[in-house]
Amino acid sequence: MQEWGDSLVELKVDRVLDDSATDTRIVVLSRSDDPREHLMIWIGASEGEAIRRILDGLVTPRPMSHDLIKNMGEHLGIKTTKVVLTDVKHNTYFATVYLDAKGVTRTIDARPSDAIALALRCSAPVYATADVWKRRSGQNLEAWLNKIESKQLET
Amino acid sequence: MIVQMYVKGLMFDPYNNAYIVVLRDETQSEMLPIWIGKPEASSISLAMEHISPPRPMTHDFMKAYLDAASAKVISVVITDLNDNTYFAKIHLLHGDSEYTVDSRPSDAIALALRTEAPIFVNESVIKKQGSEELAQWLENLKPDDFGKLDT
């Protein structure tokens with residue numbers, strides 16, 4: 001956990017919601033040690049579906065993009081060790097993917113959506129820095145869900 | 001036998017709400033259309049236009065992953081066509097060893113364009129599909145032909 005020390009918050013990928021107004025998805029993460037505390041990230045539809053498929057255990061006939069990355073890693077003997085949400089600027093989240101390439105740690109800058117879609121396929125843990133956790137959106141998930149539901153009733 | 005082909009363009013297929021990536025060989029005598037999904041089409045289009053989005057898209061991430069692993073894409077090969085579903089292989093070089101990974105053609109092409117790796121097609125695939133001109137081929141298609149997409 002090198003540079004983040006003890007300040008990482010472990011997260012569980014809870015679910016993927018549809019934001020039907022904008023054809024985007026929302027990935028909902030919760031604190032591993034307190035599932036009532038959430039963090040929400042708006043992501044693209046195809047990345048959202050990639051996360052949803054793995055959460056639902058769906059297998060596609062052909063490997064999808066994140067399955068391909070996972071398969072490449074397996075062939076090359078690369079292990080995805082963890083994903084860290086490192087920053088949030090103007091509602092854009094930044095993630096770093098940590099790889100173990102034959103004993104050497106490498107990091108890759110990624111969008112959270114790609115990072116999470118890969119982490120779930122590799123059973124790698126997902127963390128947020130304490131700072132990102134503090135500045136997250138999603139504290140009021142329940143209120144927000146009610147809002148979506150009432151919007152959907154209207155249409 | 002394999003033939004090297006190049007990405008000639010992307011087309012939208014409004015009937016199926018899908019995209020077609022068109023490959024041609026150097027002499028423009030052979031042509032291969034491949035039906036792909038929207039996210040893969042937009043990824044191929046960004047690479048064709050040499051546009052770098054502010055954040056890495058999925059295939060940029062895939063390339064960064066291979067870079068971090070010190071692996072190089074040697075080539076991609078469209079290997080087979082079955083019931084309108086295409087199969088591809090990505091050939092990787094890592095250390096002194098070569099690795100072959102099964103892929104959809106759309107991912108393979110999106111990655112090849114970013115890594116400047118050549119795209120090859122098995123001749124049998126071209127014979128099966130690419131011998132006619134695209135316009136004529138599209139004209140003769142029946143709705144049933146659009147059953148399976150590369151998604």
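Is Ser97(B) buried or exposed, and why? Here are my notes, starting from that residue.

1. First, a caution: this is a predicted model, so please read everything below with that in mind.

2. Ser97(B) counts as exposed, because there are 11 C-beta neighbours inside 10 Å, and the cut-off for exposed is 12 or fewer. As for where to look for Ser97(B), find strand β6 of chain B, which covers residues 97-103.

3. Now zoom out to the whole of chain B. You'll find five helices and seven strands there. Starting at the N terminus, the order is β-β-β-α-α-β-β-β-α-β-α-α.

4. Chain B has 151 residues, and 38% of them count as buried. If you take the contacts in chain B with a separation of 6 or more, 55% come from residues 24 or more positions apart.

5. Next, the place where the chains meet. Here 20 residues of chain A are in contact with 21 residues of chain B. On the chain A side, the elements giving two or more residues are α1 (45-55), α2 (65-76), β5 (92-101) and β6 (104-110). Of these, α2(A) gives the most, with seven residues.

Notes:
Residues numbered from 1 in each chain as written. Chains lettered and ligands numbered in written order. Predicted model: local features only at pLDDT ≥ 70, side-chain atom pairs only at ≥ 80, totals over all residues. Contact = placed C-beta atoms within 7 Å. Helix = DSSP H or I, 4+ residues; strand = E, 2+ residues; numbered from the N terminus. Buried ≥ 20, exposed ≤ 12 C-beta atoms within 10 Å, placed from the backbone.
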